[in-house]
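This report examines one protein model, with attention to its charged side-chain pairs and its strands. The sequence and the structure are shown first.

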Amino acid sequence: MNRTSAGLETIVAKALHHAPGNESALLAWPVVCGSAVAERTRAVSFSDGILRVEVADPGWRRELAHLAPRYLAMINKYSATSVKRIEFVVKGEVVKGEVKR
């Protein structure tokens with residue numbers, strides 16, 4: 001079973017490294033956060049090394065912010081482009097002059 005999961009991880013890593021730079025981090029998010037978190041969040045943008053992930057409420061933002069260093073290390077393992085920071089934004093909040101939907 002370990003060989004199977006290691007093989008799958010290699011396939012996923014190669015696929016993400018071949019994705020266009022700006023899309024790689026967005027596509028890697030559900031892989032690194034796991035299915036339970038991926039069902040409740042959405043990577044919405046990636047620019048200037050910042051991955052923005054939409055969450056449902058401030059409670060989710062707080063919880064995930066504590067896990068951000070772990071997610072950051074994992075996402076950089078898979079992403080073709082370096083991610084410097086993950087920002088968690090609450091759905092509907094204004095971020096840098098834009099309303100998130």
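## A buried charged residue and its partner

E54 has a relative accessible area of 7%, and because buried means under 20%, E54 counts as buried. The model in which this residue is found is a predicted one. The side chain of E54 forms a salt bridge with that of R42, with 3.5 Å from N to O. This pair links distant parts of the chain, since R42 belongs to strand β1 (residues 41–47) and E54 to strand β2 (residues 50–55), twelve residues apart.

## Salt bridges within the model

How many salt bridges does the count come to? The count comes to five. One of them joins the side chains of E39 and R40, at 4.0 Å from N to O. With a relative accessibility of 64%, E39 is exposed, whereas R40, at 44%, is partly exposed.

Another salt bridge connects E87 with R52, and their closest N and O atoms lie 3.1 Å apart. E87 is in strand β3 (residues 85–90) and R52 is in strand β2, so this pair ties together parts that are 35 residues apart in sequence. Are these two residues buried or exposed? Both E87 and R52 are buried. Through salt bridges that share partners, R52, R85 and E87 are joined into one network.

## Strand β3 and its neighbour

Why is strand β3 described as largely enclosed by the rest of the structure? Five of its six residues are buried, and therefore β3 is largely enclosed. Strands β2 and β3 pair in the parallel sense, over six bridges. Within this pairing, V53 has F88 in β3 as its bridge partner. Between the two strands, the chain passes from β2 through helix α4 (residues 58–78) to β3, and this β-α-β crossover is right-handed.

## The overall arrangement

The protein contains four helices and five strands. Along the sequence, these elements follow the pattern α-α-α-β-β-α-β-β-β. Of the 101 residues in the protein, 35% are buried.

Among the contacts with a separation of 6 or more, 57% are accounted for by residues 24 or more positions apart. The accessible surface of the protein comes to about 6300 Å², and carbon and sulfur atoms contribute 56% of that surface.

## Confidence in the prediction

The mean pLDDT of the protein is 84, and 72% of the residues score at least 70. Which elements have the lowest and the highest mean pLDDT? Strand β5 (residues 98–99) has the lowest, at 46, and strand β3 has the highest, at 97. Over residues 97–101 the pLDDT is below 50, and this stretch has 16 contacts in the model beyond near neighbours in sequence. Where pLDDT is low, predicted coordinates should not be read in detail.

Terms used:
Residues numbered from 1 in each chain as written. Predicted model: local features only at pLDDT ≥ 70, side-chain atom pairs only at ≥ 80, totals over all residues. Heavy atoms only, no water. Buried < 20%, exposed > 50% of the residue type's maximum accessible area, 1.4 Å probe, protein only. Pairing = 2+ DSSP bridges. Right-handed = clockwise from strand over helix to strand, strands pointing away. pLDDT = per-residue confidence, 0-100. Contact = heavy atoms within 4.5 Å. Areas by Shrake-Rupley, 256 points an atom, 1.4 Å probe, with all protein chains shown as cover.
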